[in-house]
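Student: I've got a new structure open and I'd like to learn how to read it. Could you walk me through a few features?

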Amino acid sequence: MERRLLKNIRGLSLFFIISLVISGLTAFPLTWELDILCKIFSISPTASPDTYGGLQHWIAYVNQGLSETSIKFPFLAYGTDWLAFSHLIIAFAFIGVYLKPIRNIWIVYFGMVVCVGIFPLAFICGYVRGIPFYWQLIDCSFGLFGLMVLLILHKHIKKLEIFSGKQEYKY
């Protein structure tokens, strides 16, 4: 039973780590990624965003803003570089959960707080910055799915703690 729980914990931890790394790495090549999205949605990179509606309008608008910003003010991309870095650092922290889940359950709690924190950030900052509501919901989905994984991970770690008789911290 303990071996199976540990295998599940390590699998979920690894999944969470890989998801954070992929999410972080996608924050570096934003211009390239938007060029791909424009091709997928048949959006001309030179056309005005106002020639499109709905999601196409949003993608064209973001592409225009990012393209103009990267030409005129390339240093602003440094902010998304730090965003990527933070994802990678949080992923690195979860190696502790992979190696010693009972001792490092606090990292899971930290991750849960971060996932819940996505909601007010997305809704408050999204509203202030003029992000469409449907896009705010997409951003919130990362918090929701991350929280679901972490809740399952937490449940497995608590079971492992009971079966192994190793309580690292007694509250």
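**Reading a pocket, a histidine and some cysteines**

Tutor: Happy to. Keep in mind that this is a predicted model. Let's begin with a pocket: the lining of the second largest pocket divides into five nonpolar residues, one polar and six charged.

Student: What volume does the second largest pocket have, and which residues are closest to its centre?

Tutor: Its volume is about 200 Å³. Twelve residues line the second largest pocket, and K100, P101, I102, L160 and K166 are the closest to its centre.

Student: Which helix gives the most to that lining?

Tutor: Helix 1 does, with three residues. Helix 1 (2–25) and helix 7 each supply at least two.

Student: Let's turn to H154. Where is H154 found, and is H154 buried or exposed?

Tutor: H154 is found in helix 7, which covers residues 133–164. To call a residue buried, look for a relative accessibility under 20%. H154 has 19%, so H154 counts as buried.

Student: What does the side chain of H154 make a polar contact with?

Tutor: With the side chain of Y109, at 2.9 Å. Leaving aside residues up to four places away in sequence, H154 touches I105, V108, Y109 and M112.

Student: And how many disulfides are there?

Tutor: A disulfide is a covalent bond linking the sulfur atoms of two cysteines. For a pair to count, the sulfurs must be within 2.5 Å. Here the count is zero. Take C115: the nearest cysteine sulfur belongs to C140 and is 11 Å away, and C115 is in no disulfide.

Student: Is C115 buried or exposed?

Tutor: C115 counts as buried, at 6% relative accessibility. C38 is buried too, at 2%.

Technical notes: Residues numbered from 1 in each chain as written. Predicted model: local features only at pLDDT ≥ 70, side-chain atom pairs only at ≥ 80, totals over all residues. Heavy atoms only, no water. Helix = DSSP H or I, 4+ residues; strand = E, 2+ residues; numbered from the N terminus. Buried < 20%, exposed > 50% of the residue type's maximum accessible area, 1.4 Å probe, protein only. Polar contact = N/O pair within 3.5 Å; in protein donor to acceptor, adjacent residues only side chain to side chain. Contact = heavy atoms within 4.5 Å. 1 Å grid on protein atoms, 1.4 Å probe; cavity = no way out; pocket = protein on both sides within 12 Å on 5 of 7 lines; lining within 4 Å. Points joined across faces, edges and corners; volume = space filled by probe spheres on them. Nonpolar A, V, L, I, M, F, W, Y, C, P; charged D, E, K, R; others polar.
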